[in-house]
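Have a look at it first, then read on.

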Amino acid sequence: MLSYPATIPLSSRTLNHLAERIRSHRKQRRSRWRRLAPGRQALLALAHLRNGDTYTRLATGFQIGVATAWRYVQEAIALLTAVANDLATAMERIRRLAYAILDGTLIPTDRIADQKPYYSGKHKRHGVNVQVIADAAGRLVWASPALPGSVHDLTAARTHGVIDALSRADVMTFADKGYQGAGGSVRTPFKRHRFRPKLSRRQKAVNRAHARIRARGERAIATLKTWKILTKLRCCPRRATPIVQAILVLHNVEANRYAG
């Protein structure tokens, strides 16, 4: 089998952070021997999450079994998920923002036996719905647990309590037309209805300004999807939430905003 050197576009700070968590976990469990050292296990997990390397490829590159590679990655994800911020914790930062940007994204998945709930009519594919909150500069602040792809963005935001939390904190939030009717502090563009006159010049100007602000939120979604594992999840959709939460922790470490 041919091999070649590859890189992971992450800093050593992220690698060291994950390696230290793995090292502490092993010490707590009094693990006496493992096939890979903590640093190598952390590197293996980052290669899977950031580069999207398959377990077969990882097993070959790290000279371990496929089952061992899977177990090591799942262990790393569980350790990261355990320290991920929930919405209440994230709101401590969000309420200090000038304004927030709320948007939803679909993470594609393979088909499963019970595929109907995961089919998104909007995107014409199977996946899971993740709500994303960004700051005024388009930086990723928080990502929600995953819901089936058939769930509407507004329903997903209400299910996670995002609308209520933003309204209680009185944070001005910009969102697209899919969130119309959210109320509270959420602002959506004007929408032309079928039996109503066309939008006025003022309403069109407001919509253009709103779109310029909301476009920055796409940067947060793009940041989330630079982790290639999210290009298409080839696992049970129920594992999407731990993966997204683990990535959010690693993103905060990489951006040097981690406070844990």
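A salt bridge needs a side-chain nitrogen of Lys or Arg within 4 Å of a carboxyl oxygen of Asp or Glu.

Asp176 sits in the loop between strand S6 (173–174) and strand S7 (186–187). A polar atom of the Asp176 side chain lies 2.9 Å from the backbone nitrogen of Gly178. Helices (H or I, at least four residues) and strands (E, at least two) are DSSP runs, numbered from the N terminus.

A quick note on the ground rules: this is a predicted model, where local features need pLDDT of at least 70, side-chain atom pairs count only at pLDDT 80 or more, and totals for chains, interfaces and linings use all residues. Residues are numbered from 1 along each chain as its sequence is written, and side-chain values use heavy atoms, with hydrogens and water left out.

**Charged pairs**

Side chains of opposite charge can pair when their charged atoms come close. The whole structure has six salt bridges, and the table shows some of them.

| Pair | N to O distance |
|---|---|
| Glu20 and Arg23 | 2.9 Å |
| Asp53 and Arg57 | 3.4 Å |
| Asp135 and Arg93 | 3.4 Å |

Glu20 and Arg23 both belong to helix H1 (residues 12–29), three residues apart, or about one turn of the helix. Glu20 is partly exposed at 42% relative accessible area, and Arg23 is partly exposed too, at 40%.

What about Asp135 and Arg93? Asp135 is in the loop between strand S3 (125–134) and strand S4 (140–143) and Arg93 is in helix H5 (residues 87–94), so their pair ties together parts that are 42 residues apart in sequence.

**The largest pocket**

How much space lies in the largest pocket? About 600 Å³. Its lining has 22 residues, and the closest to the centre are Tyr4, Ala6, Asp53, Arg57 and Gly61. On a 1 Å grid over the protein atoms alone, a pocket is an open set of points where a 1.4 Å probe fits, with protein on both sides within 12 Å along at least five of seven lines; lining residues have an atom within 4 Å of a point. The volume is the space filled by probe spheres set on the points, which are joined across faces, edges and corners.

Helix H2 (38–51) and helix H3 (55–62) are the elements giving two or more residues to this lining, and H3 provides the largest share, six residues. Asp53, one of the residues closest to the centre, is buried at 15% relative accessibility.

Gln63 has a positive phi of about 55° although it is not a glycine. Gln63 is in the loop between H3 and helix H4 (66–81), and is exposed at 66% relative accessible area. Asp170 also has a positive phi of about 55° without being a glycine. Asp170 lies in the loop between helix H7 (162–168) and S6, and counts as exposed at 64%.

Methods
A polar contact is a pair of N or O atoms within 3.5 Å; within protein, one must be able to donate a hydrogen and the other to accept it, and residues adjacent in sequence count only if both atoms are side-chain atoms. Buried means under 20% relative accessible area, exposed over 50%, partly exposed in between (1.4 Å probe, protein chains only).
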